[in-house]
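Please look over the model below before reading on. The points after it are meant for someone meeting this structure for the first time.

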Amino acid sequence: MRRWLGWLWVAFLVSVPLWMTDLYYLHVLIITGIFIIASMSLNLLLGYTGQLNLGQVGFFGIGAYTSALISLGFELKLTDNFALAVDPHPAWLGFVFGVILSGFAGWVVGRISFKIRGAYFVIVTISFAEVMRLVALNWVSLTQGPMALNNIPPFTVDIPGVWEAELYGKVPNYYIVLAVGVVSYIVIRRLVRSRLGRAMIALKENEPLATSVGIDVTRYLVLAAVVSAAMAGAAGSLYAHYVRIIDPDVFLFIYTVTMVIMVITGGKGTLAGPIVGGLIFGVVPELLRDTTRPEVQWIIYGGLMIAIVFFLPNGIVPAVHQWWRSRVSRAGVAVPLSEAP
Amino acid sequence: MASLRKTRVALLAGGLAVAFMPGLARAADTIKIGVDEPLTGAVAASGNYVTNGAKIATDEINAKGGVLGKKLELVIEDNKSNPTEAASAAEKLIVRDKVPVLMGAWSSTYTLAVMPKLMEYKVPMVVETSSSDKITTSGNPYIFRTAPTNGMEAKAFSKEVGKFHIKKADFLVVNNDWGLGAAQAFSAMLKSHGVQTGIEQTMDANAQDLSAQLAKIKDSGADTLFVTTEVEQITLILKQAKSLGLKQRIITTGGSSSPDQLIQQDGDAANGTYHILFFAPWFPQKAENPKVAEDFVAAWKKRGYEFAGLTEGFRGHDGIETIAAAIKLAGKAEPEAIRKALWEVHVKGINGNISFVKEGPKGKESGQVVPQIYIVEIKGGKVTLPTL
Amino acid sequence: MVAGKQEQSRGSGFLDQLLQHVVNAVMLGSTYALLGIGLTMIFGIMGVVNFTHGELYAFGAYMMFLFAMVLKLNFFVALVFAVVLGVGLGALIELVLLRPLRGADIDTTMLVMIGAWIIMQNTEQLVWTGVAKSISTPFPEEPLVLGPVSISWLRIFVFVAAGLLIVGAQLLIHRTKLGKAMRATFQDRDTAALMGVSIGRIYTATFALGSGLAAAAGALLGPVFVAVPTMGDLAALKAFAIVILGGLGNFAGAALGGFILAFIEEMGASYISSGYRDAMGFLLIIVVLMIRPTGLFARAERIG
């Protein structure tokens, strides 16, 4: 029943470019979509394993830079006589490498950080993202530092004889983002419902108990970290080839905060949470653009976050669930249990 | 679950609502000019000065009836002193606000970031501050620059090298296209005059503690230090140089040093420093168009803007005047027409007479102006012409 | 064209430079120590990851701007006001945001602190704009020159003031009843409560005190550099580095950690790369946590 609903929703999204002719709104949806993917990746760790990874943007940025560099080509001077020169390659290859490299980074961070928990974990992850930013800023020969990587090629289709195109436009990029988004959603859903997912949730609920039952805590956390990082890297790659310019500020903490707000407001640990949160925080700033200044908007978001933590600690989606359930039970209507998750 | 369906229906409704939002119509009876400047971030001071100058020009033009019978409207986007934001702001201005022409983006790095968007959407932009040579030599026919290049600055300064008796010079520059380009242009120029170049140090635009760089410069044995960055960072450099007991004579390049602000914030640490500027509001009579310069100074003062900002504010003013003249010549507020018209403008600007010459690869030239350059000295807490 | 290439070191030239760097590091270290002590108290006693710490630092600097530059009060009076207001703001944050959440898990408090951080920083940007604010001081501009080393009088004052505050805080923790109660709460909260310590009051006092120290650090460093709305971000992260270095709740560790961080930054910036100056703190965190997750000076304890 729900699966049918899910596909209806996807069909609706697929149809959007057909009737939304204002390119600017399409642009907003694309950027929102990219951030929703990143938020879903954060939700995997935050919502399902309970680990607050505040360095998520580090993986996003690694994906972005890797993908951009592969598609632009680069030269890395390793020693005085030896340089690693890479020719420009198609963007989709950059995407693949971006996902792999950020997944690897997730593994590294996971291995290091999961020896420590709680507050220290948070601090290490924040530091990781900051170090990445400073590396991107200073390793000018590779990343161009503050001068930014510009003119990043867009995604291209190269099936000789069938379809050759450079996907500059908003419509193709919308579909690419949508495709990656749907795949990401499915990946997370599968993961969460699998044995791995149940182990992660067990960890979150009661770690000592889970360990005593024989669940290898670190292994599952690291696995979650890898998937989470790889997904964030994918989002980063999409960003790089759509916006087509990347500078070290892509690693700024504020982007992690944006993702955190999306996940928390939507509802951490739920599948729909990051999507709802992402839509709200992707679209609302545009609606408010004419009336409120950016600083005031952020003050509102900060206040909203605090309010949600106080009053709706699980976020909007679960709150809506509960409200609906209470409405239904009061009215005495039988809710079809066949629709249980 | 039924509740999930409810959530999704709500989302659908929300999505549709959003889709129909574009109905927020705007007043259609103005000609829009996009302004892409850093209003926050590392170079916010300068970005705000330039924007203020632009506002003055807009109001003056509108007071006289506007252009082609319509009022000018500045649509200002903050690029947050960041190249990605600059590109994003340009995209917003072009796609969302549908501006036919832009002015921006202050720093060379931000302007370079915007340039691909101009090519993609075929919208011209007047570059009012950026000085990297790359901007007009990369084959972008939508660029029209009213600011001088690093090369022009160095050339103008070369006439003064003898007077300054420079034997060995160090460089302390911001680590982007502007700073690095300035160091390159000036050291090439100095070498051709037989001057030794000492060490070159770079700094991040956001860096506040420059003591590491200055300590090395202190020991270099040079007599002069060229500094290329924006006023907020120069303020820090002068303070820290003084407390380190730096002996080199400091000369700033780039024209974004707002000497009065330095006097105000650095006090004695600012004395004995020299600055290359493109407008000297203390001696408007020395400008190529004295009346225009004096009027601008008066208008600026009248609005209560800080006097220190004049050395940058004029850029915004000249930029808007140029754009307005082009729109008038074009006869319509459309990008391609404005672009063609820009080649024909002759504006009496505050810096000097503005008209564009071709620069760059054949067939895709950008427009470049050859502006006036001034050098001033801060002495005894006041700005004077150099006393050498 | 490359940053950081050092000049050929000639004997005494190298030593002179080194001496200058040591002096710079000591000055900076004293303010870092203030930042670290404040945070380690909050972190250690309350278990709160205080994301607003950096904003209190910025608040201190902006209050100096407000009192010394806008209202044109005496510099030292402004300093006192700035610190007092910092203490007040800290108490306010604790009462309004943290007290209702007492007992909640660490993630929840972290999120609330992040929300508060966003609100504070954007309020600052709204009020003061993004343009950097310079704060003038009554100290002479000519530096004090001792041989090869130049020190500005302002930095000497900063060092002395920070030192006094550190000593003051130390006295408060070890010689007063409040301090004793704080230490008891740190060692064993439940027992302290049983012994009659009002945990709520201690928490408020701790947060207020820690925030006051952060504001003091900002008020002292503000005039040395400039005040910008984002100045707190880097300061907060460095404070975390110091706390981790010195061990949670370890006063002396934090003080020492502050100086160590300043030294690493100064030497790293001068002899390795000035661009990576701010990275030193983060690299430090990562390295320390990998080797000794409890910090350099803490007793070995299970984390998490």
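1. Ground rules. This is a predicted model, in which local features need pLDDT of at least 70, side-chain atom pairs count only at pLDDT 80 or more, and totals for chains, interfaces and linings use all residues. Residues are numbered from 1 along each chain as its sequence is written, while chains are lettered from A and ligands numbered from 1 in the order in which they are written.

2. A helix pair in chain C. Start with helix α2 (residues 53–70) and helix α3 (residues 75–98) of chain C: their axes come within 8 Å and cross at roughly 140°. Helices here are DSSP runs of H or I with at least four residues, strands are runs of E with at least two, and both are numbered from the N terminus. Axes are lines fitted to C-alpha atoms, for helices over the stretch in contact, and angles run from 0 to 180 degrees between N-to-C directions. α2(C) and α3(C) are therefore oblique to each other. Angles under 35 degrees count as roughly parallel, over 145 as roughly antiparallel, 65 to 115 as roughly perpendicular, and the rest as oblique.

3. Contact means C-beta atoms, placed from the backbone, within 7 Å. The residues of this contact divide into 14 nonpolar, three polar and no charged. Ala, Val, Leu, Ile, Met, Phe, Trp, Tyr, Cys and Pro count as nonpolar, Asp, Glu, Lys and Arg as charged, and the others, Gly among them, as polar.

4. The loop between them. K72(C) lies in the loop between α2 and α3 of chain C. Its phi is positive, about 55°, although K72(C) is not a glycine. Most residues other than glycine have a negative phi. K72(C) counts as exposed because it has 8 C-beta neighbours inside 10 Å. The cut-offs are 20 or more other C-beta atoms within 10 Å for buried, 12 or fewer for exposed, and partly exposed in between, with C-beta atoms placed from the backbone.

5. A helix pair in chain A. α11(A) and helix α12 (residues 273–288) of chain A pack at about 120°, their axes 7 Å apart. They are therefore oblique to each other. The crossing is right-handed. Among the residues making the contact are I261(A) and M262(A) of α11(A), and I275(A) and F281(A) of α12(A). By class, this contact has eight nonpolar, six polar and no charged residues.

6. Where chains A and C touch. Here 33 residues of chain A are in contact with 35 residues of chain C. On the chain A side, α5, α11 (253–266) and α13 (294–311) each supply at least two residues. The largest share, 13 residues, comes from α5(A). That side has 24 nonpolar, five polar and four charged residues.

7. A covered helix in chain C. Helix α11 (residues 279–291) of chain C has 13 residues. Its buried residues include F282(C), L284(C), I285(C) and V288(C). What covers the buried residues includes α5 (118–138) of chain A together with α9 (231–246) and α10 (251–272) of chain C.

8. Q56(A). Is Q56(A) buried or exposed? With 31 C-beta neighbours inside 10 Å, Q56(A) counts as buried. Q56(A) lies in helix α3 (residues 56–72) of chain A. Q56(A) and A232(A) are 176 residues apart in sequence and 7.2 Å apart in space, C-alpha to C-alpha. Leaving aside neighbours within four places in sequence, Q56(A) is in contact with residues including A38(A), A232(A) and M259(A).

9. Backbone details to check. In chain B, a cis peptide bond joins G104(B) and A105(B), with omega about -5°. A105(B) is found in the loop between β3 (102–104) and α4 (108–121) of chain B. In chain A, N151(A) has a positive phi near 60° and is not a glycine. N151(A) lies in the loop between β3 (149–150) and β4 (156–159) of chain A.

Methods:
Expected span 1.5 Å × (residues − 1). Contact = placed C-beta atoms within 7 Å. Left-handed = near helix turned anticlockwise from the far one by under 90°.
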